Amino acid sequence: LLSIDGFGLVNSYKLLSSLESIRTDNIIEALNRKKDFSISSAEWFAKKDKFLEKLDKSKEQKISAIPFTSNDYPKALMELNDFPLVIFVKGRSESLNFQNTLAIVGTRNPTKYTYDNAPEICNIFASRSQSVISGLAIGRDTIAHKAAIKMGIPTVAVLPNGLDEIYPKENAILASEIIDTGGCLVSEYPIGINPHRYQFVARDRIQAGLSKAGLLLESSAKGGSMHCIRKL
């Protein structure tokens, strides 16, 4: 459904919630009942085959796809009004289901005061958490992930793009360290999807959804990190 151009997450929610059972024939029939929209069985299966091909390529890169219907899907995310229908995970997914989880967020361009003091602050908070959630960005995210690794705490990096590429590239080594120390990378986007501006805002809700509490290191009043904090 999400691979249909212009259909989107909201329409996918509405369609799936209208079905008594999620079957291919039910989905195609429901799609064709929508105003100004039609899709043939051939078109549907072509999209399905293309998506399954992506899943196979994902498995080759040790990326798992977890749909919301799976028992492995994080229960905390289900509390979001706009939870992802599928999440993609690279690394150990157990850290997505801990109870005492902390999101550490903030500006990508922190002041000298934050750079000087954030590591110690993050160390203190990370040591009291089961896992630390952040976004792998340069700046405060990097500080947060490194603090968790230093404390021996699994850390989760939520990315705004497919997990076949690390964004930003400068943190590719850090991403590997996150996986090697029992954490994971998470995204709602399949491989091949590049980061776009709106996807960073969408990413923030997942960080909030996976976390029981949040620590805002530094942000302007209109900074992107405020999206995450307001969701908590």
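Trainee: What is the relative accessible area of Phe125, and how do I read that value?

Mentor: Phe125 comes out at 37%, so it is partly exposed; buried means under 20% relative accessible area, exposed over 50%, and partly exposed in between (1.4 Å probe, protein chains only). This is a predicted model, with residues numbered from 1 along each chain as its sequence is written. Local features need pLDDT of at least 70, side-chain atom pairs count only at pLDDT 80 or more, totals for chains, interfaces and linings use all residues, and side-chain values use heavy atoms, without hydrogens and water.

Trainee: Where does Phe125 sit, and which residues form a nonpolar patch with Phe125?

Mentor: Phe125 is in helix α4, residues 112–126. (Helices, H or I of at least four residues, and strands, E of at least two, are DSSP runs numbered from the N terminus.) Together with Ile121 and Ile124, Phe125 forms a nonpolar surface patch of about 230 Å² accessible area. Patch residues have over 30% relative accessible area and no salt bridge; like charges are joined within 9 Å, nonpolar side chains (Val, Leu, Ile, Met, Phe, Trp, Tyr) within 5 Å. The areas come from the Shrake-Rupley method with a 1.4 Å probe, and for residues only the protein chains shown count as cover.

Trainee: How many salt bridges are there?

Mentor: Side chains of opposite charge can pair when their charged atoms come close. With a side-chain nitrogen of Lys or Arg within 4 Å of a carboxyl oxygen of Asp or Glu as the rule, the count is nine. One of them joins Glu53 and Lys57, with the closest N and O atoms 3.6 Å apart. Both residues lie in helix α3 (residues 41–60), four residues apart, about one turn of the helix. Glu53 is partly exposed at 45%, and Lys57 is partly exposed at 41%.

Trainee: Which parts of the chain does the pair Arg205 and Asp82 link?

Mentor: Their side chains meet in a salt bridge at 3.4 Å, N to O. The pair links distant parts of the chain, 123 residues apart: Arg205 is in helix α7 (residues 197–209), while Asp82 is in the loop between β1 (63–67) and β2 (86–91). Arg205 is buried because its relative accessibility is 5%, whereas Asp82 is partly exposed at 25%. Glu188 joins these two in a network of salt bridges.

Trainee: Is Asp180 buried or exposed?

Mentor: Asp180, in helix α6 (residues 172–180), has a relative accessible area of 65%, so it counts as exposed.
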